Amino acid sequence: HFMSAYSVADIEAVTRFYVDVLDFEVVKDAPIGDTMHFRWLKNGNQGIELVQMAGSQPGPERSTPPAHLMVRGPAQLMLQVADIEATKAALLARGVVPDVDITEAAPLGIKLMFVNDPEGNPIEIVQVTGG
């Protein structure tokens, strides 16, 4: 896995969320003329490419998870954490309330919660609990 790419309307607002809330860092910033802007973010081995294109259009609105899976295609960014309770506390301290609170998915061996970035892209935060 290299990174996931997201087309965004406001690259600065989305960057602030991933950097200030989820502790990513900007590792590359590449505006190309007036119509394209690429920004690479990294947190450990997890990478995100933000792309702002002049004239881009919003995609279909997605429902709250798990109903968001009714729209085919990329569903969410998944980030693995060691301690989901501590991660939730850190998010709340930064003003981010989960859209879906911590839930155990025992058949998958995980606990999960969902938050959205400023443009509504769902982020699933996962703690592996078993096999």
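How do the residues in the lining of the second largest pocket divide into nonpolar, polar and charged? The answer comes under the heading on that pocket. The model is predicted, and the report starts with the overall fold.

## Overall fold

The protein chain contains two helices and eight strands. Their order along the sequence is β-α-β-β-β-β-α-β-β-β. Along the principal axes, the C-alpha trace spans about 50 × 30 × 30 Å.

Of the 131 residues, 38% count as buried. Residues 24 or more positions apart account for 47% of them.

## The nonpolar cores

In soluble globular proteins, nonpolar side chains tend to be buried together. Here the largest nonpolar core holds 22 residues. Within this core, Tyr18 and Leu22 touch the most other members. At least two residues each come from α1 (11-21), β4 (46-53), β5, α2, β7 (110-116) and β8 (122-128). Helix α1 gives the most, with five residues.

What does Tyr18 touch, leaving out residues up to four places away in sequence? The list is Asp23, Phe24, Leu41, Ile48, Leu77, Asp117 and Ile123. There is also a second, separate core of six residues. Val100, Ala105, Leu112 and Val126 are among them.

## The largest pocket

Rolling a probe the size of a water molecule over the atoms shows where empty space is left. The largest pocket has about 600 Å³ of space. It is lined by 24 residues, and those closest to its centre are Ser7, Pro58, Gly59, Glu119 and Asn121.

Which strand gives the most to this lining? It is β1 (residues 4-7), with four residues. By class, the lining of the largest pocket has 11 nonpolar, nine polar and four charged residues.

## The second largest pocket

The volume of the second largest pocket is about 210 Å³. Its lining is made of 14 residues. Leu22, Asp23, Asn43, Val81 and Thr87 lie nearest its centre. Two elements give two or more residues to this lining: β5 (77-80) and α2 (84-93). The largest share, three residues, comes from α2.

Now the opening question can be answered. The lining of the second largest pocket divides into eight nonpolar, four polar and two charged residues.

Most residues other than glycine have a negative phi, and most peptide bonds are trans. Asp23 has a positive phi of about 65 degrees, although it is not a glycine. Asp23 sits in the loop between α1 and β2 (25-32). Is Asp23 buried, partly exposed or exposed? Its relative accessibility is 46%, so Asp23 counts as partly exposed. Asp23 is also among the residues nearest the centre of the second largest pocket, and Tyr18 touches it.

The bond from Pro65 to Pro66 is cis, with omega near 5 degrees. Pro66 lies in the loop between β4 and β5.

Note on methods
Residues are numbered from 1 along each chain as its sequence is written. This is a predicted model: local features need pLDDT of at least 70, side-chain atom pairs count only at pLDDT 80 or more; totals for chains, interfaces and linings use all residues. Side-chain values use heavy atoms; hydrogens and water are left out. On a 1 Å grid over the protein atoms alone, a cavity is a set of points where a 1.4 Å probe fits but cannot get out, and a pocket is an open set with protein on both sides within 12 Å along at least five of seven lines; lining residues have an atom within 4 Å of a point. Grid points are joined across faces, edges and corners, and a volume is the space filled by probe spheres set on the points. Ala, Val, Leu, Ile, Met, Phe, Trp, Tyr, Cys and Pro count as nonpolar, Asp, Glu, Lys and Arg as charged, and the others, Gly among them, as polar. A nonpolar core is a set of buried Ala, Val, Leu, Ile, Met, Phe, Trp, Tyr and Cys residues joined through side-chain atoms within 4.5 Å. Buried means under 20% relative accessible area, exposed over 50%, partly exposed in between (1.4 Å probe, protein chains only). Contact means heavy atoms within 4.5 Å.
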